[in-house]
Amino acid sequence: MAQGKRISVDIADSALEAIKALGAAAKQARLASGEGQAAAATRLGVHVQTIARIESGEPGVAIGHVLGLLALYGVTVQSSGPAAPS
C-alpha cells in the first residue's frame, strides 16, 4: 500500500507513478508561473498542505483538487484508455 495517508484500497504501482507524475507536473507549472504554494492554495480554495500533498504525489488527495491545480496552470491531462490489470 502507498505510504502516507491511509487509504482504503491498494493502488497499483502504475497508478502511483501516474499520481506522482501529475503532482510533479503541477509543481513544475506552478514554479514556472512564479507562484508559491500559498498563492496556489488561495487560488484553488484549499489549504497549503493540500498543494504540498498534490505535488508530492500523495494518492489520498481528492481528484478534483488535483485536476483543479493542474487547470490553474494550464496543464491538461489526456487519458490513454483503460490500464491493464496488474
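1. Ground rules. This is a predicted model, where local features need pLDDT of at least 70 and side-chain atom pairs count only at pLDDT 80 or more, while totals for chains, interfaces and linings use all residues. Numbering runs from 1 along each chain as its sequence is written, and side-chain values use heavy atoms, with hydrogens and water left out.

2. Fold. The protein has four helices and zero strands (DSSP runs: H or I, at least four residues, for helices; E, at least two, for strands; numbered from the N terminus). Along the sequence that reads α-α-α-α. Of the 86 residues, 27% are buried (under 20% relative accessible area; exposed is over 50%, partly exposed in between; 1.4 Å probe, protein chains only).

3. The second largest pocket. Its volume is about 160 Å³. Its lining takes in I19, L22, G23, I54, G57, E58, P59, V61, I63 and V66. Helices α1 (13-33) and α4 (63-72) each give at least two of the lining residues, and α1 has the largest share, with three.

4. I63. This residue sits in helix α4 and is one of those lining the second largest pocket. I63 counts as exposed because its relative accessibility is 55%.

How values were computed. 1 Å grid on protein atoms, 1.4 Å probe; cavity = no way out; pocket = protein on both sides within 12 Å on 5 of 7 lines; lining within 4 Å. Points joined across faces, edges and corners; volume = space filled by probe spheres on them.
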